Amino acid sequence: MNASTASVNVLKIGLSKAKDDALLLGFFKDKVELAGEIKLLDNVLGGIISRYIKDGNFKGEKSEVKVIYTGNNIKNVVLVGLGEEDKFSFEILSGVIAGASRKLRDGRIESFSVFLDSFNNKKLEDESVVEKIVLSSLIGMYQFTEYKTKDKDKIKRVKQVTLITGSGKNFENGLMRNLVIADAVNKTRDLVNTPPNIATPEYVSDYAKGLARKSGLKCTVFDERQILEMKMGCLDAVGKGSVNKPRLVVIEYKGAGKERAIAIVGKGVTFDSGGLNVKPYPYILNMKDDMAGAAAAMHVIESCAKLKLPLNLTVVAPLCENMIDADSYRPDDVLTAYNGMTVEIKNTDAEGRLILADALSYAAKTKPLALIDIATLTGASTIVLGSVGTPFLSTDEKLSERLKNASKSSLEKLWELPLWPEYEESIKSDVADIKNISEEGDAGVIMGAIFLKNFVGDSPWAHIDIGTTVWSKAEKGMLTKGATGATVRLMMDLLINWKA
């Protein structure tokens with residue numbers, strides 16, 4: 001776990017025996033009444049909670065947070081509104097816990113407890129409630145402070161989160177699993193938030209080697225000379241314009257003997273200037289996030305190793321910078337991909353699909369059980385779903401259903417778009433097999449996937465376009481400003497529940 005990540009544990013004790021800086025109690029709107037353990041605690045505290053509620057200071061509105069200082073073993077009682085009970089869901093629970101956790105952190109609370117039994121309407125499974133509270137508190141309190149130099153000693157952090165419950169169930173497995181997932185999300189955010197002058201292709205490939213070494217994974221890194229020898233003409237061309245040369249990272253996890261592996265390909269453009277078709281301001285800002293697919297894939301495979309999942313997994317991450325130089329590739333160039341297909345360049349700012357073409361071809365050659373790519377591929381994803389959800393496309397109905405189920409469970413919203421054959425006409429080239437964009441500019445997310453489909457062979461394949469959901473401009477629910485760690489929770493849910 002990161003040093004900045006809070007520890008989490010479960011205690012099975014009565015509330016009146018609890019000791020902590022703060023205690024979170026959940027209440028539904030119009031049901032703000034004390035009973036059971038909460039009533040016993042109120043008696044111990046001399047009726048301070050009941051008096052506060054009676055005075056009309058707390059209504060139980062969704063995300064309402066009121067702090068009552070007691071000065072006792074529980075120094076602060078925190079009343080948390082859950083909204084209307086019939087509308088309560090895991091999504092509401094997660095958003096409420098994340099927001100309350102941040103508020104306590106910002107109030108310099110270093111340790112707090114959550115009374116688990118008060119954050120359930122008895123319709124949700126306790127195990128799942130525990131998992132969501134762990135994830136939402138740790139993800140919601142994320143901060144990226146690596147490059148701050150002033151007042152670092154004043155940065156507020158929560159060191160301990162304790163879940164208090166009267167349940168006799170064993171939550172240890174779910175707790176540990178979700179600690180691993182939360183850590184993976186936050187480490188993905190750290191890597192994506194790292195400035196591009198630091199997180200170059202070589203830096204990220206070295207990071208991958210270190211991650212693999214600690215987790216007992218096999219990691220192979222191909223340099224620019226090997227990439228050229230392998231005839232990966234697209235990755236080579238995109239990376240030529242930068243002094244920071246491209247790399248291809250392949251990480252392998254073996255958890256299921258000789259069974260075929262699932263393959264995840266993550267786009268890894270560590271900075272995207274747009275190339276000769278340079279990005280205008282402000283679209284060039286935050287282009288360090290163009291490697292978020294690779295960052296997510298790396299931490300997903302690390303998590304699989306930590307959890308010892310019974311499957312085989314291969315991650316392929318093409319890493320490069322798309323920069324401007326005398327060696328930069330140009331519009332009208334024709335490149336040859338790893339699978340032998342020729343590609344006419346119509347826009348150098350459609351570079352992600354080019355490096356994915358080589359990486360997908362490489363992964364497809366291994367005949368994986370399923371092939372999934374994660375990529376900040378298009379700004380058109382904003383037009384499709386805004387910043388709320390992520391579009392995906394698939395050639396395989398069973399894989400599509402797996403992703404949809406993982407979406408519901410992980411709370412990472414996905415929406416499937418079609419791969420109708422009519423779109424294929426738009427990327428036919430007069431001088432090569434295909435061109436890298438459609439010149440009409442319509443259906444951008446779909447056109448990107450239509451291009452990639454040429455490089456996946458017969459593999460069951462899905463393309464996830466995180467072009468919008470990779471970055472948050474606001475603090476809301478589990479999201480904080482900056483990198484989101486998009487798809488890590490989704491992919492871990494998919495793989496944990498994978499059955500061949």
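Two residues are in contact when heavy atoms lie within 4.5 Å. This report describes a predicted model, in which local features need pLDDT of at least 70, side-chain atom pairs count only at pLDDT 80 or more, and totals for chains, interfaces and linings use all residues. Residues are numbered from 1 along each chain as its sequence is written, and side-chain values use heavy atoms, with hydrogens and water left out.

Leaving aside neighbours within four places in sequence, Thr390 is in contact with Leu385, Lys413, Leu414, Trp415, Ile464, Asp465, Ile466 and Thr469. Thr390 is found in strand 15 (residues 390-394); strands (E, at least two residues) and helices (H or I, at least four) are DSSP runs numbered from the N terminus. Thr390 counts as buried because its relative accessibility is 6% (buried means under 20% relative accessible area, exposed over 50%, partly exposed in between, with a 1.4 Å probe and protein chains only).

An open sheet contains six strands in the order 1-6-5-2-4-3, with mixed pairing. Two strands pair if DSSP finds at least two bridges between them. Strand 1 and strand 3 stand at the edges with a single partner strand each, so one side of each is left without a neighbour in the sheet. Strand 5 and strand 6 run parallel and are joined by five bridges, and Ser113 has Thr162 in strand 6 as its bridge partner.

| Strand | Residues |
|---|---|
| Strand 1 | residues 7-11 |
| Strand 3 | residues 65-69 |
| Strand 5 | residues 111-115 |
| Strand 6 | residues 160-164 |
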